[in-house]
Amino acid sequence: MTQFLDISGLCARIDADGQEKEILKGVDLSIPPGEVHAIMGPNGSGKSTLSYALAGREDYEVTAGSITFQGKNLLEMEPEERAAAGLFLAFQSPIELPGVNNANFLRTAVNAVRRARGQDELDAVTFLKTARAAAKELAMAPDMLKRNVNVGFSGGEKKRNEVLQMTLLQPSFAILDETDSGLDVDALRIVAEGVNRLRSPGFSALVITHHQRLLDYLVPDRIHVMANGRIIHSGGPELAQQIDREGYTRFLAEAEAA
Amino acid sequence: MNAITKDRSDTLAPFGSRLDGVTDPVRKAAIGALHRSGLPDRRVEEWRYTSLRFLTETPLAAPVEVYDAGQVQAQLETLGLTTGPLADVPRVVFVNGRYAAPFSVLPSEVDVSFFAKTQTFGTLSCPDRDPLTALNTVLAGDGAQLHVPAGKDGGHVLLVSLGQTDAPVSFHPRHAVVLDEGAKFTLISIQAGQGRYLHNPVLEISVAAQANLKHVTLQAEGEAAACLATTYAQVAEHGTYDSFVLGLGGALSRQEIHARLAAPFATVHVNGAQMLAGKQIGDVTSVISHAAPDCTSRQTVRNVLDGHARGVFQGKVFVDRVAQKTDGYQMNQALLLSENAEIDAKPELEIYADDVKCSHGATVGALDDDQLFYLRSRGVPNAEARQILIHAFMDEALGLIEDEMARTLCIRMLARSFPVAGESA
Ligand SMILES: Nc1ncnc2c1ncn2[C@@H]1O[C@H](COP(=O)(O)OP(=O)(O)OP(=O)(O)O)[C@@H](O)[C@H]1O
Ligand SMILES: [Mg+2]
C-alpha cells in the first residue's frame with residue numbers, strides 16, 4: 001500500500017458482440033506519490049484496458065479487485081469525478097469531436113474540474129492566455145485551438161493535444177497511453193519535457209509505451225511488464241534496455257513456469 | 001378501374017358548415033378536390049408517416065376576431081422580437097390568421113397588401129393534388145402579400161403568426177412573396193402560439209431572374225397545436241431561394257415545400273433542423289423539381305429526437321429530362337436521444353436527365369459513447385457532455401443559415417428548447 005494509487009487483484013472484462021471476454025486477470029500495481037512508472041508489454045496484453053478501467057469507461061466491467069486512489073475507492077466514482085479528483089488519461093487514440101471548438105472544449109473541461117475542486121472558474125480571456133502559452137510550450141500551431149477537437153489533426157498533433165489537456169487540467173496522476181507513438185523525435189522530447197515539468201512530489205504518472213526511447217527522456221522510477229492481463233515482472237529503469245534487446249520471451253517463459 | 005367516385009368528405013367533419021356556401025370559382029374547385037380527397041390518411045403515400053387522425057377527432061371552429069393584446073405583446077416578448085436588433089425589423093403580425101395592425105410595422109422597401117382585401121390566389125399552388133392546400137384555399141381569410149420591386153433590396157421582414165385560443169380553432173392564412181428581377185429580400189417567418197389550434201398556411205414564392213430570397217422559418221408553435229404549412233417556390237434564371245426551417249414546437253407539424261427550379265442557373269436551398277421531445281411529431285417533406293438545366297439544389301436536414309418524439313423526412317429530388325448538368329445534394333441525419341424516439345426517412349431521387357451530379361444519403365444514430373467518455377474523462381459532467389454533443393450536431397445545421405440575425409434567433413430559440421438533462425433514459 002502506498003496511499004496514492006493501489007491496484008489490487010483487478011479483473012475486468014468486456015462484452016464483445018455478446019461474448020464476454022476476460023482481459024484483466026488480476027492486476028496488482030502500486031504507484032507511490034511523486035513517482036513515474038512505466039508499463040511495457042506485448043500488443044493486446046491489456047495495457048489500454050487497464051487505463052480505461054482506471055479512467056472509468058463503462059463498457060470495461062470490473063469483476064474483481066480494487067483500485068484505491070488517494071484513499072478513495074475509484075471504482076465507485078464516475079469518470080468526471082475521477083478527473084476532478086486528479087486523474088487524467090491521455091488516450092492511445094484520441095477521439096474526434098466534430099462541431100466542438102477545441103478552445104471551448106478545453107475551457108469547459110478546465111472549468112468543470114475547477115468547479116468540482118472548489119476553485120473559481122476562469123473567464124474566457126484568462127483561460128485563452130493560459131491555453132495559448134501552454135500550446136506554445138508544446139510547439140503547437142496557434143490554429144489548433146480554433147479547430148474542432150482532434151478533427152483533421154495529424155497523429156502527432158492529436159498526441160500533443162492530449163498533453164495540452166493534461167497540462168491545463170493539472171492532474172495529480174496521469175496515465176499516458178502510448179503518447180509517444182506517432183511522434184517525431186523533436187515532438188517526443190517536447191512531450192517528455194511536458195511531463196517532466198509536472199514532476200513533483202504531488203504528481204505521479206503511469207506511462208504505457210513500446211519504446212525505450214521515451215524512457216530515455218522520461219526516466220521512470222519503475223518499469224512493469226504486462227502480459228496476458230497481469231503484471232508479470234517489475235524492475236528498475238534498466239529493464240527498458242533489456243526488453244529492447246531481448247523482447248518479452250524470457251519474462252513470458254518465467255511467468256509460465258511460475 | 002374505379003367506377004365509384006371516391007368521397008371522403010366525412011373526414012372534413014371537424015370543419016362543419018365552414019366549408020359550405022363557397023361561391024368563388026377557385027375556392028369551388030378546391031372544395032371539389034377536398035371532398036374527393038378528404039383529409040389524407042396514412043394510406044396516401046405522401047402521408048404514410050404522418051397521421052392527421054388527432055385533427056379529425058375535434059371540431060375546429062373559426063377563431064373569434066378579438067384577441068388579447070396583452071397576450072400578443074407577451075408572446076412577442078417571449079420570442080425576443082421586442083428587444084435587441086430584432087426589435088427594429090419591420091413586421092407583419094397575424095393573430096389567429098388575421099392581420100394585427102397594432103403590432104405590425106410595415107416595411108418601406110416592400111409593397112404589402114393583404115389577402116383579405118385582394119382575394120387573389122396565386123398560380124403556384126396545387127389544391128387538387130395537395131389536400132392541405134385545398135383546405136387552405138377554401139378557408140383562407142387573410143394573409144400577407146409581399147412584393148419587392150425590380151432591383152430593390154427589401155431588407156429584413158418578420159412574418160409572424162400567433163395563435164391564441166381556448167377552444168380548438170383553425171386558421172388558414174394565405175401568403176405570397178414576389179421578388180422582381182434582381183431584387184433581394186430576407187424573410188423570417190415565425191410560427192408560434194398558445195392553445196389548441198390548427199395553423200394551416202400556404203405560402204407562394206416567386207423569385208424572378210437574378211433575384212435572391214433568404215427565407216428562415218422558425219416553427220415554435222404551442223405544445224397542443226398542429227402546424228401544417230405548405231410552401232410553393234418558383235425560381236427563375238440565376239435566381240436563388242435559400243430556405244431554412246427550424247422546427248421546435250407543436251404536437252404535430254409538417255413543413256411541406258415544393259420548390260421548382262424553372263430556368264437555368266437557378267439555386268435552391270431547402271435546409272432545416274428540428275429538435276423534438278415528448279410525443280411531438282415533426283415532418284419535413286419536400287419536392288425539389290429541376291425543370292431546367294444547370295441548376296443547383298442543396299438540402300441538409302438534421303433531427304434531434306428525444307422521449308417518444310418522431311421525426312419524418314420525405315425528400316424527393318426530381319430531375320426533368322431537360323435538366324442536364326443538374327447539381328443536387330440531399331442529406332438527412334438524425335440523432336436519437338432515447339430508445340423510444342424514431343425517425344422515418346424517405347429520400348428519393350427521380351432522374352430523367354443523363355448528365356447530372358446528384359447525391360443523397362441518410363444517417364441515424366445515438367450519441368457516440370466514445371465521444372461521451374472522452375468528454376467525461378476530462379471532467380465534464382455527463383449531462384453537460386451530452387448537451388455539448390447535441391449542440392455540435394445542431395450547430396452544423398444552423399451554420400447553413402446565412403443571415404446572421406435569423407441565425408442568432410434560431411440559436412437562441414434552440415438553446416431554450418434543449419432537452420432537460422437526463423430526461424431521456
Ligand atoms: N472493445 C473491445 N472489443 C473487443 N475486444 C477488445 C476490446 N477492447 C479490448 N479488446 C481486446 O482486449 C485485449 C487487450 O486490449 P488492449 O487494448 O488493452 O491491449 P494493449 O495492451 O493496450 O495493446 P496495444 O499495445 O496494441 O495497444 C486485446 O485482445 C483486444 O483485442
Ligand atoms: Mg493499447
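The model is predicted, so local features need pLDDT of at least 70 and side-chain atom pairs pLDDT 80 or more, whereas totals for chains, interfaces and linings use all residues. Residues are numbered from 1 along each chain as written, chains are lettered from A in the order written, and side-chain values use heavy atoms, without hydrogens and water.

Select Gln191(B), which is found in strand S8, residues 184-194 of chain B (a strand is a DSSP run of E of at least two residues, a helix one of H or I of at least four, numbered from the N terminus). Gln191(B) is buried at a relative accessible area of 8%, where buried means under 20% with a 1.4 Å probe and protein chains only.

Next, show both chains: 17 residues of chain B are in contact with 31 residues of chain A, contact meaning heavy atoms within 4.5 Å. Select Arg376(B) and Glu58(A), whose side chains meet in a salt bridge at 3.4 Å, N to O (a Lys or Arg side-chain nitrogen within 4 Å of an Asp or Glu carboxyl oxygen). Then colour helices H6 (369-377) and H7 (382-398) of chain B, each of which supplies at least two residues of the side touching chain A; H6(B) gives the most, with 7 residues.

Technical notes:
Buried means under 20% relative accessible area, exposed over 50%, partly exposed in between (1.4 Å probe, protein chains only).
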